[in-house]
Amino acid sequence: RKQPLRETSARPEGGTKTAFFGNLSFNLEEEQLRQFCEPAKIKEIRWLYHKDSGNFKGAGFAEFTEASEVDEVIKKNGMNLVGRPVRIDYA
């Protein structure tokens with residue numbers, strides 16, 4: 001069952017340097033996310049893991065060097081990343 005892609009949240013006042021990434025492939029490598037976001041530069045990635053099992057949740061947060069980079073990356077919401085439509089939103 002395919003769910004429609006969620007709309008992104010409103011841009012926070014003053015912007016944000018962090019973006020949420022969801023619906024990620026469990027086979028995604030950090031370098032693939034970095035390349036997907038280019039020319040924006042990711043400063044840090046925080047993957048989300050299940051508390052009990054330690055398994056990757058298919059989501060995470062990426063911090064960028066500039067808020068304007070997040071604004072550009074948000075435009076890629078719904079694009080294919082490792083075979084899945086990635087969900088990107090302001091964090």
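Student: What makes helix α2 (residues 67-74) count as mostly covered?

Tutor: Let's count together, keeping in mind that this is a predicted model. Six of the eight residues of α2 are buried, namely Ala67, Glu69, Val70, Asp71, Val73 and Ile74. Each of these has a relative accessible area under 20%, because that is the cut-off for buried.

Student: Which elements cover the buried residues of α2?

Tutor: The cover includes β1, α1, β3 and β6.

Student: How do you know that the buried residues of α1 line one face of the helix?

Tutor: Start with the residues themselves: Leu33, Phe36 and Cys37 are buried in α1. Looking down the axis of α1, these buried residues fall within an arc of 95°, so they line one face of the helix. Their cover includes β1, β2 (42-49), β3, α2, β4 (80-81) and β6.

Student: What is found over the face of Phe36?

Tutor: That is Lys76, at 5.3 Å from the ring centre. The cut-off for a charge over a ring is 6 Å, so this distance falls inside it.

Student: How many aromatic pairs are there in the whole structure?

Tutor: A search finds four. One of them joins Phe20 and Phe61, whose ring centres are 5.5 Å apart with planes at 65°.

Student: Why is the pair of Phe20 and Phe61 called edge-to-face?

Tutor: Set the two values against the cut-offs. Centres must lie within 6.5 Å for a pair, and planes over 60 degrees apart count as edge-to-face. With 5.5 Å and 65°, Phe20 and Phe61 meet both conditions, so the pair is edge-to-face. Phe20 lies in strand β1 (residues 18-22) and Phe61 in strand β3 (residues 56-64), so the pair ties together parts that are 41 residues apart in sequence.

Student: Are Phe20 and Phe61 buried or partly exposed, and how do you know?

Tutor: Phe20 has a relative accessible area of 17%, which is under 20%, so Phe20 is buried. Phe61 has 23%, which lies between 20% and 50%, so Phe61 is partly exposed.

Student: What makes Phe26 and Phe56 an edge-to-face pair?

Tutor: Their rings are 5.9 Å apart centre to centre, with 85° between the planes. The distance is within 6.5 Å and the angle is over 60 degrees, so the pair is edge-to-face. Phe26 lies in the loop between β1 and α1 (30-37) and Phe56 in strand β3, so parts 30 residues apart in sequence are tied together. Phe26 is exposed at 54% relative accessibility, whereas Phe56 is buried at 16%. Ring pairs also link Phe26, Trp47, Tyr49 and Phe56 into a cluster.

Student: Why does Asp89 count as buried?

Tutor: Its relative accessibility is 5%, and the cut-off is under 20%, so Asp89 counts as buried. Asp89 is found in strand β6 (residues 87-90). A polar atom of the Asp89 side chain lies 2.8 Å from the backbone nitrogen of Ser9. Leaving aside neighbours within four places in sequence, Asp89 is in contact with residues including Glu7, Thr8, Phe20 and Ile74.

Student: Which residues touch the most other members of the largest nonpolar core?

Tutor: Among its 20 residues, these are Phe21, Leu33, Cys37, Phe64 and Ile88. The elements giving two or more residues to this core are β1, α1, β2, β3, α2 and β6. In soluble globular proteins, nonpolar side chains tend to be buried together.

Notes:
Residues are numbered from 1 along each chain as its sequence is written. This is a predicted model: local features need pLDDT of at least 70, side-chain atom pairs count only at pLDDT 80 or more; totals for chains, interfaces and linings use all residues. Side-chain values use heavy atoms; hydrogens and water are left out. Rings of Phe, Tyr and Trp (its six-membered ring) pair if their centres lie within 6.5 Å; planes under 30 degrees apart count as stacked, over 60 as edge-to-face and the rest as tilted. Helices (H or I, at least four residues) and strands (E, at least two) are DSSP runs, numbered from the N terminus. Buried means under 20% relative accessible area, exposed over 50%, partly exposed in between (1.4 Å probe, protein chains only). A charge sits over a ring if NZ of Lys or CZ of Arg is within 6 Å of the ring centre and within 35 degrees of the ring normal. A polar contact is a pair of N or O atoms within 3.5 Å; within protein, one must be able to donate a hydrogen and the other to accept it, and residues adjacent in sequence count only if both atoms are side-chain atoms. Contact means heavy atoms within 4.5 Å. The arc is that of the directions from the helix axis to the C-beta atoms. A nonpolar core is a set of buried Ala, Val, Leu, Ile, Met, Phe, Trp, Tyr and Cys residues joined through side-chain atoms within 4.5 Å.
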